[in-house]
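This briefing goes through one structure by topic: its sheets, its ligand site and a few single residues. Please keep the sequence and the model open while reading.

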Amino acid sequence: MNELLADVARRATAYLESVPGRRVAPAPENVSRLELLGGPVPEGPSDPADVIRLLDEVGSPATVTSTGGRYFGFVIGGALPATLAANWLAGTWDQNAGYTVTSPVAAALEEIALGWLREIIGLPAQCGAGFVTGATTANFACLAAARSALLRRAGWNVEESGLFGAPVLTVVVGGEVHVSALKALAMLGLGRARVTKVPADDQGRMRADALPPLDERTIVCIQAGNVNTGAFDRAGEICERARRAEAWVHVDGAFGLWAAAAPGRRHLFEPFLAADSWAVDCHKWLNVPYDSGLALVRDPSHLQQAMALSASAYLPSTFIREPANYTPEASRRARAVEIWAALRSLGRSGLAEMVERSCELAARFADGLSQAGFQVLNDVVLNQVLVSFGDAEETRRVIAEVQRDGTCWCGGTEWQGHTAMRISVSCYQTTEEDIDRSLAAVVRIARGQTG
Ligand SMILES: *Cc1c(COP(=O)(O)O)cnc(C)c1O
């Protein structure tokens, strides 16, 4: 075992050292070689050292270098040193984090990390959380809590009686709602298509003036951080309307919630603190390894009602926070370990600096593109940039060539009738030099010059 773990540490170190010089998307021939991992079913045991050597020699070259400083696709983020190392240690522990009795350390780290986050973000002191796989599951868990709370108030126990014959709930979403929230509604029996869609403005924000009448059986889903523009819905006005109507406001804050951690961006998130629940990713902007997200709910009893393993497992009088009573999963890995390690290693100021720096680097990329004569389509308020290189065909050509070139990686999107390239700066590793080098490659490709 000693030799095996020393070997994997050497291999991991070599991988990390290769990151700055690697192409971001793997070369096609390395992706083709992945078939070497297959073949017939292994009929008998093999040496673990050989297994790891094969995995590294064939697997590592076929990775996307999203952990490095020049990956700008989707909203991804890397893994801070303390979080990667904590992940290794937690893997060694192999804890079942579902229950206090199976892992006192995992249960304690959840409470500690949650306490720190409540303070850093400014969430309500009694706010509860489920430590889940990501924002999709967090949206699911939060909306399950919303469904439970609104129906219980209408005299219906949805966990016991299901949805057939239940009082009708209305769900309001913005025109730019993230597909994961719709998927969560689909899984909850609330329906992807039976939503009221409120039109969005030119930045993708739900138009508060177009909000339909709300009532105590309405769930309003708003966004902190549009996945294309980074824009924030007008939460102040929406939450105020919802509060008066006793509607439930759920926030998809997959990456935008982290704006609250940086003093210069905090004003963007502050109005969202009046909501009832918040979904956030930790594997994106907090830069912990995949997978990790949080379902945060103002009144944790609603989350507990929705997620308890059985009706008898839900005992509001119990003083022990049993982790499995807050998540869709029962047995699961100890995700709080890396969240704790991120917060312990960064501290309040380190987190603020990481978030602020991503935003400043996104603005640097956007300025460079504008100065080179290309059209930036959004107000760069956070870490997201949308750029067009002319018509749809030309923009698609640039995106494809940027990805092939390998200096950096940016994805494409459709934005309000425009085909656009999307840039997300979410990794702690990204430096000004990474931005300048990536900008030069994008501009060279867009101008049709060869490298
Ligand atoms: C990424 C993202 C999600 C989905 O998160 P997963 O971690 O992929 O489950 C939901 N909403 C927004 C706004 C996102 O950016």
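Which residue in β3 does V173 stand opposite? V173 stands opposite K197 in β3. The model is predicted: local features need pLDDT of at least 70, side-chain atom pairs count only at pLDDT 80 or more, and totals for chains, interfaces and linings use all residues. Residues are numbered from 1 along each chain as its sequence is written, and side-chain values use heavy atoms, with hydrogens and water left out.

**The mixed sheet**

- An open sheet is formed by 7 strands in the order β1-β7-β6-β5-β4-β2-β3, with mixed pairing. Strands, and helices likewise, are DSSP runs numbered from the N terminus (strands: E, at least two residues; helices: H or I, at least four).
- The edges are held by β1 (128-132) and β3 (195-198); each has a single partner strand, so one side of each is left without a neighbour in the sheet.
- From one strand to the next, the twist averages 20 degrees. The axes behind this value are lines fitted to C-alpha atoms, for helices over the stretch in contact, and angles run from 0 to 180 degrees between N-to-C directions.
- Strand β2 (residues 170-174) pairs with β3 in the parallel sense, over 4 bridges. Two strands count as paired if DSSP finds at least two bridges between them.
- H250 has its place in strand β5 (residues 248-252). H250 is buried, with a relative accessible area of 1%. The cut-offs are under 20% relative accessible area for buried, over 50% for exposed, and in between for partly exposed (1.4 Å probe, protein chains only).
- The side chains of H250 and N139 are joined by a polar contact of 2.7 Å. A polar contact is a pair of N or O atoms within 3.5 Å; within protein, one must be able to donate a hydrogen and the other to accept it, and residues adjacent in sequence count only if both atoms are side-chain atoms.

**The antiparallel sheet**

- Another open sheet has 4 strands in the order β8-β9-β11-β10, and its pairing is antiparallel.
- β8 and β10 (411-415) stand at its edges, each with a single partner strand, so one side of each is left without a neighbour in the sheet.
- In strand β9 (residues 384-388), 5 of the 5 residues are buried, so β9 is largely enclosed by the rest of the structure.
- In a regular strand, side chains alternate between the two faces of the sheet.
- On β9 both faces are covered: Q384, L386 and S388 on one side, and V385 and V387 on the other, are all buried.
- Strand β8 (residues 375-376) pairs with β9 in the antiparallel sense over 2 bridges. V376 stands opposite V387 in β9.
- β9 also pairs with strand β11 (residues 418-424), in the antiparallel sense and over 4 bridges. In β11, S424 is the bridge partner of Q384, and I423 is the residue opposite V385.
- T419 lies in strand β11. T419 is buried, at a relative accessible area of 9%, and its side chain makes a polar contact of 3.1 Å with the side chain of E414.

**The ligand site**

- The ligand is surrounded by 13 residues, of which the closest are T136, D252, D281, H283 and K284.
- An oxygen atom of the ligand is 2.8 Å from an N or O atom in the side chain of D281. For H283, the distance from a ligand oxygen atom to a side-chain N or O atom is 2.8 Å.
- A nitrogen atom of the ligand is 3.5 Å from an N or O atom in the side chain of H178.
- Taken alone, the ligand exposes 380 Å², and the protein buries 83% of that. Accessible areas come from the Shrake-Rupley method with a 1.4 Å probe; for residues, only the protein chains shown count as cover.

**Backbone points in loops**

- The peptide bond from Y290 to D291 is cis, with omega near -10 degrees. D291 is found in the loop between β6 (277-281) and β7 (293-297).
- D94 is not a glycine but has a positive phi of about 50 degrees. D94 is in the loop between α4 (81-93) and α5 (104-121), and is exposed, with a relative accessible area of 65%.
- E246, also not a glycine, has a positive phi of about 60 degrees. E246 is in the loop between α9 (235-245) and β5, and counts as partly exposed at 48% relative accessibility.

Notes. A residue is near a molecule or strand if one of its heavy atoms lies within 4 Å of it.
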